[in-house]
Amino acid sequence: KSAAEVAAGGLGVGDVVGSADEKTFKDNAVGVLDRGGFEGEGSHGLYREGGESQTVYLTSSVVDLEQFVGHKVQVWGETFAAQKAAWLMDVGRIKVLELNAPKPF
C-alpha cells in the first residue's frame with residue numbers, strides 16, 4: 001500500500017508499506033512499535049521478546065513510523081552504527097503482523 005492508501009483506509013494485517021529494495025534494506029526484525037528513541041537515537045522503538053536489551057531503535061526517511069505505533073510489525077532496514085543504542089535501524093519497509101498488540105515486556 002502507499003502511504004496515502006493507508007491514511008485513507010487504515011491499516012490491515014498483511015499490509016506492506018515502503019520500499020521493495022531488498023539489497024539496501026536487508027536487515028529485519030519483528031516486534032511491537034512504540035514512540036521514543038534511546039538517548040537521542042531513533043524516533044521509535046521496536047520492542048521484542050527478551051527485554052529491553054532486545055529493542056531495536058528505528059528511524060525512517062521512507063516510511064511514516066507513527067502510523068504503526070501499537071501494532072506488531074516486521075521491519076526491513078539498514079543497520080547503522082549507534083553511539084548509545086544497541087541496535088539502530090533505518091527502516092525502508094514495514095509489514096503489519098497484528099493490530100493493537102501488547103508490548104512484550
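Colleague: What makes lysine 103 count as a charge over the ring of tyrosine 47?

Modeller: In this predicted model, the charged end of lysine 103 lies 4.1 Å from the centre of that ring. The distance cut-off is 6 Å, and the charge must also be within 35 degrees of the ring normal. Lysine 103 is listed as sitting over the ring of tyrosine 47.

Colleague: Which ring does the charged end of arginine 93 sit over?

Modeller: That of tryptophan 76, with 4.2 Å to the ring centre. The limit here too is 6 Å.

Colleague: Why is the pair of phenylalanine 38 and tyrosine 57 called tilted?

Modeller: Take the distance first. The centres are 5.5 Å apart, and the limit is 6.5 Å, so the rings pair. Now the angle. The planes make 35°. Stacked needs under 30 degrees and edge-to-face over 60, so tilted is what remains. A search of the whole structure gives two aromatic pairs.

Colleague: What does the pair of phenylalanine 38 and tyrosine 57 tie together?

Modeller: Parts that are 19 residues apart in sequence, because phenylalanine 38 is in the loop between β2 and β3, while tyrosine 57 is in strand β4.

Colleague: How do you know whether phenylalanine 38 is buried, exposed or partly exposed?

Modeller: Its relative accessible area is 27%. Buried means under 20% and exposed over 50%, so a value in between is partly exposed. Phenylalanine 38 is therefore partly exposed. Tyrosine 57 has 5%, so tyrosine 57 is buried.

Colleague: Which residues have the most contacts inside the largest nonpolar core?

Modeller: Leu46, Leu58, Phe68, Val75 and Ile94, in a core of 17 residues. β2, β4, β5 and β6 each give two or more residues to this core. β6 has the largest share, four residues. Leucine 46 touches Leu58, Val73 and Val75, among others.

Colleague: How do you know that β2 and β5 pair?

Modeller: Count the bridges. There are six, in the antiparallel sense, and at least two are needed. One of the partners in β5 is valine 75, bridged to alanine 29.

Conventions. Residues are numbered from 1 along each chain as its sequence is written. This is a predicted model: local features need pLDDT of at least 70, side-chain atom pairs count only at pLDDT 80 or more; totals for chains, interfaces and linings use all residues. Side-chain values use heavy atoms; hydrogens and water are left out. A nonpolar core is a set of buried Ala, Val, Leu, Ile, Met, Phe, Trp, Tyr and Cys residues joined through side-chain atoms within 4.5 Å. Buried means under 20% relative accessible area, exposed over 50%, partly exposed in between (1.4 Å probe, protein chains only). Contact means heavy atoms within 4.5 Å. Rings of Phe, Tyr and Trp (its six-membered ring) pair if their centres lie within 6.5 Å; planes under 30 degrees apart count as stacked, over 60 as edge-to-face and the rest as tilted. Lists of a residue's contacts leave out its neighbours within four places in sequence.
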